[in-house]
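Notebook open, model loaded. I want to go through the chain contacts first and the inside of one chain after that.

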Amino acid sequence: MKLALGPLLYYWPRQKTLDFYAEAMNWPVDCVYLGEMVCGRRHELRTDDWLRLAQEFSAAGKNVVFSSQALLESAGDLANLRKLAGTDWPLEANDLGAVKIARERKKPFIAGPHLNVYNGATLDWLAEQGAVRWIPPLEMSRSGLAAVLEEKTGAIETELFAHGRLPLAFSARCFTARHYNLTKDSCEFRCLADSDGLVVRTREGQDFLRINGIQTQSAACHSLWPYWHELGIAQYLRISPQGEHTAKIVRAFADRIAGRSPQEDFASWNPEGIVNGYWQAKPGIESTALSVNEI
Amino acid sequence: METTAQVMKAGNEQETERAQRLAAMRSSGKEAPQRPELLCPAGNLAALKVAIDNGADAVYVGFKNPTNARNFAGLNFTNEQISAGIRYAQSRGRQVHIAINTFAQAGRVSEWRASIDKAAEMGADAVLLADMGLLSYAAARHPALKLHLSVQGSATNFEAINFAYEMFGIKRAVLPRVLTLAQIEQVIQNTSVEIETFGFGSLCVMVEGRCILSSYATGQSPNTHGVCSPAAFVRWEPQNGRMNARLNGIMIDHFEEGERAGYPTLCKGRFNAQGEDYYALEEPTSLNVLAILPELVRMGVRSIKIEGRQRGPAYVGEVTRILRAAIDAAMKADYTVKPMWSEVLDKMSEGQQHTLGAYSRPWK
């Protein structure tokens, strides 16, 4: 079992982003996903900055993957994707257009969680196009995943979205800009102000969603930590970066993989609460284990 | 927040201006564009017949099972009903498309394949698919069957569409409701695949196929169950003169006495962010492209689709009649949106209001 640091879904100021990745150079992760996968307008780090980071991670012994945007709509989005595909680094394809570009360049790729693979035949088809690893849809249950793996005939590795706020939806509309009465084209990059997005509550005060530019996330943190004994079905566990405490979360997972007893404190690291209903084929917002220490 | 009325007023002015500009451009007689197909929804045989009788060029339908994205109780077609519908349409020179556009769930893939086989056997004019594995199956097993890439396939760029063409020979792609007019034109200029766009009906604010908000709240999503914010999870709860609308217990909105209460579709509820209650994602509203029809025609959009297989025959008949008249009128240089069309359509719209959605850049 290996750890992967997922793509940064939030938009942080340049220095915070660079500091985060400088620290991550020393984390016990096998694989690091880089690049902007949410919004083509975000540019605190330019492509060259990301490529420099990729070199540094590689020198630090990590495997680097570039994540494609999940929503590719403008000519600029496609041009950026082609530029990344022209480098030596593998791609995480989160759109069929990215699969095409990877395949044309005979580049092995990772089939991202937004490609909608719900059965073995579809997974086999992606493997034929060059996918070497896949991340199941975020809403997939343990039994659903087992059924896909049972059905597939080709060889492919599985990476689970194991800990982080769930990227539930993508839109052409920027909800952060909308919140501030701005249009997307003149958004003033307001999402820079919220390193964990903006929590959206119901009108009776229940934390529900989290707006992050064009992406809508869960307010709560999805974590498969309580189901540790079932995670051997995958080869990789993905930790999704958050504003604070990512290092501690990564270490807790790494300790557990190494068989050491982890010093975990999810109650302080994720005060927004832990959910994991999807894993049990229930609504994703449900928490099927009462506490993270329960199982 | 800018009020909806303000947004609509600004939008309407822009719409009128754009329509006039286009009409002028076309009267200069640069090219003779093809009339796009009018594609209408049918949740049952009666709706299918009404759509055909009111001028639909084609109708799209689904089987009574989870293989399509409107898997609602009491809706959709048995095999016999689809056969009857195909006879009714084809004998009048019209077409029937069958939506098999959810994602095949592991262990039950045969249900989806059987639906594809059935559609081919019945002589459907096209099937709408989203799952790459199913597209691969259909292309290999039924080479003569026309394949349309469903909106649930999330193809928002020409690379994705051209890839589906190279791999599966798709004839047409339905664009998610996220692109501006300029972006749609760019797609059309870079692909030989026919492009279908939505013209009227409920508006998905998210990229279709890339939204699991519904399963986050209820465990059931369009991808897995062919439903969004399913009715079985809706609870209306009166409380001190106010009506709470809940989805699986989660408050999507509440309505004061006298306030029009809309169905609690998850993305169209009022929520609170930083102390402010508002429609954080989208207002209850319908998409309506009447104002930009000439532009869609000029760009070469091949089919204009009306959303709403869950609607009754009366709705389908009325919307079809108006869109038929509008598309025919849009082929002429003096096109204007008739006030009566808008009046009737607005009455049938979610929240009694309409938007150009992502077709108009400021919406984003």
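Predicted model: local features only at pLDDT ≥ 70, side-chain atom pairs only at ≥ 80, totals over all residues.

I began with strand β8 of chain A (residues 198-201) and found it paired with strand β12 of chain B (residues 271-273), antiparallel, over 2 bridges. I looked up the partner of Val200(A) in β12(B), and it is Ala273(B).

Entry 2, the whole interface. How many residues of chain A are in contact with chain B? I get 56 on chain A, against 58 residues of chain B. I then sorted the chain A side by class: 27 nonpolar, 17 polar and 12 charged residues.

For the hand of the crossing, I wrote down left-handed for α4(A) passing α6(B).

Which residues of α4(A) meet α6(B)? My list for α4(A) reads Leu96(A), Gly97(A), Val99(A), Lys100(A) and Ile101(A). On α6(B) I have Glu159(B), Ala160(B), Phe163(B) and Ala164(B). By class, this contact of α4(A) with α6(B) comes to 6 nonpolar, 1 polar and 2 charged residues.

The assignment gives domain 1 as 4-203 + 285-363 and domain 2 as 213-278. I checked how far apart the centres of the two domains of chain B are, over C-alpha atoms, and got 27 Å. For contacts, I found 12 residues of domain 1 of chain B touching 7 residues of domain 2 of chain B. The domain 1 side of that contact splits into 4 nonpolar, 6 polar and 2 charged residues.

I traced an open sheet of 3 strands in the order β9-β10-β11, with antiparallel pairing. Which strands are at the edges? I noted β9 (234-239) and β11 (250-255) of chain B, each pairing on one side only. Direction ignored, neighbouring strands in this sheet are turned by 25° against each other on average.

I finished on strand β10 of chain B (residues 242-247), which is joined to β11(B) by 5 bridges, antiparallel.

Definitions and conventions. Residues numbered from 1 in each chain as written. Chains lettered and ligands numbered in written order. Left-handed = near helix turned anticlockwise from the far one by under 90°. Helix = DSSP H or I, 4+ residues; strand = E, 2+ residues; numbered from the N terminus. Nonpolar A, V, L, I, M, F, W, Y, C, P; charged D, E, K, R; others polar. Pairing = 2+ DSSP bridges. Domains from an automatic or database assignment. Axes fitted to C-alpha atoms, helices over the stretch in contact; angles between N-to-C directions.
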